[in-house]
Amino acid sequence: MSQVTAIIGLGNPGAEYDATRHNAGFWLVDAIARSAHAELRPEKKFFGHYAKVRLGDHELHLLNPATFMNRSGAAVAALCQFFKLTPDNLLVAHDELDLPPGQARYKTGGGHGGHNGLRDIISALGDQKQFHRVRIGIGHPGEARQVTNYVLGRPGKAEQEAITRAIDECITTLPLVLAGDWAKAMNQLHSLKSE
């Protein structure tokens, strides 16, 4: 298993989307940049906001695409081409309806599960699905027809605090991920309890 060298957050650009549940992936990448005292800056060649940071002994590319969620693949493909990255170098952070706020899970490979950002990345990488994901729980509204409004809505205070706790825990487990110790990272992150 090759090493994770890039973390990509999924979300929608623009102030009106900043605080919406669908942007949980952006929140994680922003938090990693802050913890590394770096700032994501607009980078045209990657169609997004980019920073190169150091975490321990590891250099890491951070990217939040500036395209809309369903066009995330172009930014990911551009980053991969420029730095000669393979799918297993990537950790894609995204919101996850099937997990409650306060929980997060690592996963490698698999389908898109109806997530438009993942769908576009899989298609841009030529159906190479073996990239790593970190799924950040946002909960589910209960009915499929409510999903769009829900993911584009803002979480309440308790919900936001739970999501932030899960993001903090993702950052705590990152050194294990970067060291390739997925079992330990998963064990630690997956034992998170939602309150």
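Good morning. I begin with Val-177, which counts as buried, at a relative accessibility of 1%. Please bear in mind throughout that this is a predicted model. Val-177 belongs to helix α5, which covers residues 157–178. Which residues touch Val-177, once its neighbours within four places in sequence are left aside? They are Val-4, Tyr-106, Trp-182 and Ala-185. For a sense of distance, take Ala-104: from C-alpha to C-alpha, Ala-104 and Val-177 are 14 Å apart in space, and 73 residues separate them in sequence.

I turn now to a pair of helices. Helix α2, residues 72–83, packs against helix α3, residues 116–124, with 7 Å between their axes and an angle of about 45 degrees. The two helices are therefore oblique to each other, and the crossing of α2 past α3 is right-handed. On the α2 side, the contact is formed by Ser-72, Gly-73, Ala-74, Val-76 and Ala-77. On the α3 side, Gly-117, Asp-120, Ile-121 and Ala-124 take part. Sorted by class, this contact holds five nonpolar residues, three polar ones and one charged one.

Let us stay with α3 for a moment. Which of its residues are buried? They are Gly-117, Leu-118, Asp-120, Ile-121 and Ile-122. Among the elements that cover these buried residues are α2, strand β5 (90–96) and strand β7 (132–137). Directly after α3 comes Gly-126, with a positive phi of about 70 degrees.

My last topic is the aromatic residues. How many aromatic pairs does a search of the whole structure find? The search gives seven. One of them joins Tyr-17 and Phe-68. A pair of aromatic rings is described by the distance of the centres and the angle of the planes. For Tyr-17 and Phe-68, the centres are 5.9 Å apart and the planes stand at 85 degrees, an edge-to-face arrangement. Tyr-17 sits in the loop between β1 (6–9) and α1 (24–35), while Phe-68 sits in the loop between β4 (58–65) and α2, so the pair ties together parts of the chain 51 residues apart in sequence.

Thank you for your attention.

Note on methods
Residues are numbered from 1 along each chain as its sequence is written. This is a predicted model: local features need pLDDT of at least 70, side-chain atom pairs count only at pLDDT 80 or more; totals for chains, interfaces and linings use all residues. Side-chain values use heavy atoms; hydrogens and water are left out. Axes are lines fitted to C-alpha atoms, for helices over the stretch in contact, and angles run from 0 to 180 degrees between N-to-C directions. Helices (H or I, at least four residues) and strands (E, at least two) are DSSP runs, numbered from the N terminus. Angles under 35 degrees count as roughly parallel, over 145 as roughly antiparallel, 65 to 115 as roughly perpendicular and the rest as oblique. A crossing is left-handed if the near helix is turned anticlockwise from the far one by less than a right angle, and right-handed if clockwise. Contact means heavy atoms within 4.5 Å. Ala, Val, Leu, Ile, Met, Phe, Trp, Tyr, Cys and Pro count as nonpolar, Asp, Glu, Lys and Arg as charged, and the others, Gly among them, as polar. Rings of Phe, Tyr and Trp (its six-membered ring) pair if their centres lie within 6.5 Å; planes under 30 degrees apart count as stacked, over 60 as edge-to-face and the rest as tilted. Buried means under 20% relative accessible area, exposed over 50%, partly exposed in between (1.4 Å probe, protein chains only).
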